[in-house]
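Hi,

Here is the structure I promised to pass on. Have a look at it first, and then read my notes below.

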Amino acid sequence: MRSARRGAMAAGVAVALAAVLAAAPGSAAADPTAPPTAGVEVEIPGPEHGTLAGSGHTQVPSEGRNQPASRLSVTEVVADGEVAKMVDNGPTGDRLDIVVVGDGYTVAELPRFHADAQQKWAELTAVEPYTTYRNLFNVWTVDAVSNQSGVSGDPSADTLRDTALGSYFWCDGIERLLCIDQDKVDGYVAKAPEADLVLVLANSTKYGGAGYNERSETLGYEGISTASAGNEKSGQVAIHETGHSLGKLADEYFYADYPGYERYEGPEPADSNITTFTSDELADQGAKWHRWLGEQSPDGGTVGAYEGGGYYVAGLRRPTENSLMRTLGKPFNLPGAEAMIAGFYREARIASPVTATDRTLRRGDTAKALVPRLTGADGRQLTIRWYLDGRELKSLAGRTDVRVSDLTLRLLDLRTHKLSLTAEDRSPSVRDRAVARTMRSTVSWTVRF
Ligand SMILES: [Zn+2]
């Protein structure tokens, strides 16, 4: 997480959230006569296999009120809250940190929680662009010990279980909606050094999940996804939710039979992946995903402007027929993948110093940096270059460490010099130059012979 951007991000997320609230059927915002609710907007996963078309949004209490588990006595548990680094790719300040917390796992079941967290990480990194950029992430687990195994609402609505995070299906009366007590989750997330994304795994095989795509003001993370640990489709819901929280993408599905969603009549939305424009208008105006028009997309078909999206049947268009923002199990489309990569680089940088930069390096020292390897076809686009006082040292290209003694011929003047490494990701999956500029990182040292 790069903390300097936090303030600016908060404003952006607040706007996006307000837009979702205004569009959500059944929410307080959609019904002007309903009293304001101090709740949290969550996304409900769709009922049918593979499709999100039956999905929706609802408000749930922000402090876990009305949750069944809260009526049970809470017993203090010892040896709770242990933090482990499951995937280590470098300093938290330069990487995207995912914090995984389990619920409904007893002490005896903690080893299985760790195995389940590994499994969900494997599901996430099977989807591009996570596959290519997996080494840009750290993954932390926080052990939450529950008094009972399993979570409330599984198998039936009246099933109550005493769990560490108070997870429950049948949230807001909807069977597949898996809610949590956010304050309890935050209590565990705060134990990890840093959180950019939070994943709550419920010890259950029942299909369900939820997306809390509101940035945490206190802990700084971009959102919480909940998923059943033992249900593969739930993992796909969690990946879709990161499309909102990290990619700032809108939903590309629509309510086919819901009054009020037949046609969108409003202004051009701020979201990068839905538009009021036709593909010709996008091209003419150089708007939104115009750089991708006509290209073959990984989710099938070519990028255009397809009618329907952002919950509306007409009046709003989406880039492709069937991306992950519409249909579970599909890949992100080209504009979606670019937005995800932009999100990755909002939280992470591609080069970090290993050798401290706050002292002058002398002849016996080595300047070393950490540059995560990018996997997949796009990984070859990562370049590493070295500069001395701004002049490139071409023979050092590609290296991540250089001995100062190797530079002596150039340092015979005994003055101090600036040695820099610049790593740059020139992925063909990014065409927006403003995004591409964030995909370059420089580490500099002062050196003296
Ligand atoms: Zn969604």
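Before the counts, a word on terms: helices (H or I, at least four residues) and strands (E, at least two) are DSSP runs, numbered from the N terminus. By that rule, the protein chain has eight helices and 18 strands. Keep in mind that this is a predicted model, where local features need pLDDT of at least 70, side-chain atom pairs count only at pLDDT 80 or more, and totals for chains, interfaces and linings use all residues. Residues are numbered from 1 along each chain as its sequence is written, and side-chain values use heavy atoms, with hydrogens and water left out.

**The chain overall**

How much of the protein chain is buried? Of its 449 residues, 54% are buried. Here buried means under 20% relative accessible area, exposed means over 50%, and partly exposed is in between (1.4 Å probe, protein chains only). The accessible surface comes to about 18700 Å², and carbon and sulfur atoms account for 50% of it. (Those areas come from the Shrake-Rupley method with a 1.4 Å probe; for residues, only the protein chains shown count as cover.) Now take the contacts between residues at least 6 apart in sequence: 70% of them join residues at least 24 apart. Contact means heavy atoms within 4.5 Å.

Next, find α2 (residues 110-124) and α5 (residues 232-245): their axes come within 10 Å and cross at roughly 60°. That makes α2 oblique to α5. The labels work like this: under 35 degrees is roughly parallel, over 145 roughly antiparallel, 65 to 115 roughly perpendicular, and the rest oblique. The axes are lines fitted to C-alpha atoms, for helices over the stretch in contact, and angles run from 0 to 180 degrees between N-to-C directions.

Which residues meet there? From α2 come Lys120, Glu123 and Leu124, and from α5 come Glu232, Gly235 and Ile239. The residues of this contact divide into two nonpolar, one polar and three charged. In this scheme Ala, Val, Leu, Ile, Met, Phe, Trp, Tyr, Cys and Pro count as nonpolar, Asp, Glu, Lys and Arg as charged, and the others, Gly among them, as polar.

**Some loops to click on**

- Gly208 sits in the loop between β6 (197-202) and β7 (209-212). Is Gly208 buried or exposed? It is buried, with a relative accessible area of 0%.
- Asp181 is in the loop between β5 and α4, and at 7% relative accessibility Asp181 counts as buried.
- Pro129, in the loop between α2 and α3 (130-133), is joined to Glu128 by a cis peptide bond with omega of about 5°.
- Pro155 lies in the loop between β5 (137-142) and α4 (182-189), and the peptide bond from Asp154 to Pro155 is cis, with omega near 10°.
- Lys248 is in the loop between α5 and α6 (279-285). Phi of Lys248 is near 55°, a positive value in a residue other than glycine, and Lys248 is partly exposed at 29% relative accessibility.
- Asp389 lies in the loop between β14 (382-388) and β15 (391-392). Phi of Asp389 is near 50°, a positive value in a residue other than glycine, and Asp389 is partly exposed at 41% relative accessibility.

Cheers
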